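I opened the model today and kept short notes. Overall figures come before single residues.

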Amino acid sequence: MIQVGRMGQADVDAAAGILFDAFGAAYRRRGHAPPFPTRESAAWLCRAYIDLDPEGCALARSASEVVGVGFAHPRGAVTSIGPLASRPGAPAGVARALMGELGDIAAGSTSVRLFQDSFNPDSFGLYTRLGYVVSDVAPYLLAERLDPPAATARDPNVRPLVAEDLPAIEHYDRSRTGADRRRDLALLASTGGGFVYQGAARGESISGYLFFRALPARVVIGPAVAESADMLAALVDGVAASLPGRAAVIRASAAAPALLRRAFDRGFLVDHLGNLMVRGSYVPPPAQLYALFPESL
């Protein structure tokens, strides 16, 4: 029998091992770079989510052995789920048991969202049976070296994000995504950098934002929301201009082809495709880059 309970700090090593082994096996089997390059990177994620979303960290056990791990991120009307993994060779039913527990955590939300790797037919079948439908295709983009735009091509409405922008960004983000991501945006602002798109006229409101985190191995770009794909592309140019030559990753949206074309110009290639799957209501923003961490969608 599979039992699911809350994950605590004492469970981090076991949970990290499952994330590292499960995602590593699935991704390498298909020739993709796994999202957790080391066990420590997976352990860091677990510890971060215990701090950020302690009520949403779930662990599955079978005969006292840890066999699965999953996370929910409640944000008011929206709850996001992920990542979720079962130990290779674990008994059947681990993922379904975890999804049941995480679904209970999301019971107060009208929209539940998750990412599904398109190369994983088993997870697609499970999520479909649980009532999730594909709402967007999300290309996972990698760049070995960011290629900056010419100085003359940069949009003058893009400027670096400053701490005083955060209240306006929080209001704008909630109006476009429906999620209360204040805790995520505050974390991103305190641990990384960002850009905003704002007209030059005095008092003009923000029309887009982008956060990025420059990690040792690569730059994680996103989340980002803007009023158009062209504005979003200009924000991505801002990152490429500020960090030329760095490796980078984006989880993009196929609904914004102008952004994808600009990303290709900046050195990105499609590594693999994913699906945004939703149960309940979903109204997408005009243009967006999805969050890789925290995985609130």
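For charges, I counted Lys and Arg as positive and Asp and Glu as negative, leaving out His and the chain ends. I placed each charge at NZ of Lys, CZ of Arg, CG of Asp or CD of Glu. The protein has 29 positive and 29 negative charges, and their mean positions are 2 Å apart.

Ground rules next. This is a predicted model, so local features need pLDDT of at least 70 and side-chain atom pairs pLDDT 80 or more, while totals for chains, interfaces and linings use all residues. Residues are numbered from 1 along each chain as its sequence is written, and side-chain values use heavy atoms, without hydrogens and water.

**Overall figures**

I found eight helices and 13 strands. These are DSSP runs numbered from the N terminus: helices (H or I) of at least four residues, strands (E) of at least two. I then looked up the radius of gyration, taken over C-alpha atoms; the globule rule is 2.2 Å times the number of residues to the power 0.38. The protein has 19 Å, which agrees with the value near 19 Å for a compact globule of 297 residues. The C-alpha box along the principal axes is roughly 65 × 40 × 35 Å.

Of the 297 residues, 53% are buried. Buried means under 20% relative accessible area, exposed over 50%, and partly exposed in between (1.4 Å probe, protein chains only). I checked contacts (heavy atoms within 4.5 Å). Among those between residues at least 6 apart in sequence, 73% join residues at least 24 apart.

**Asp165**

I found Asp165 in the loop between strand E7 (158-160) and helix H5 (166-177). Is Asp165 buried or exposed? Asp165 counts as buried because its relative accessibility is 8%. A polar atom of its side chain lies 2.9 Å from the backbone nitrogen of Val162. Leaving out residues up to four places away in sequence, Asp165 touches Arg159, Pro160, Val196 and Ile206.

**Cis peptide bonds**

I noted a cis bond between Gly82 and Pro83, with omega about -5°. Pro83 is in strand E4 (residues 78-86). Gly222 and Pro223 are also joined by a cis bond, with omega about 10°. Pro223 sits in strand E10 (residues 219-226).

**The loop between E2 and E3**

Ala63 lies between strand E2 (57-62) and strand E3 (65-75). Its phi is positive, near 55°, though Ala63 is not a glycine. Ser64 is in the loop between E2 and E3, and its phi is positive at about 70°. Ala63 is exposed, at 73% relative accessible area. Ser64 is exposed too, at 71%.

Conventions:
Polar contact = N/O pair within 3.5 Å; in protein donor to acceptor, adjacent residues only side chain to side chain.
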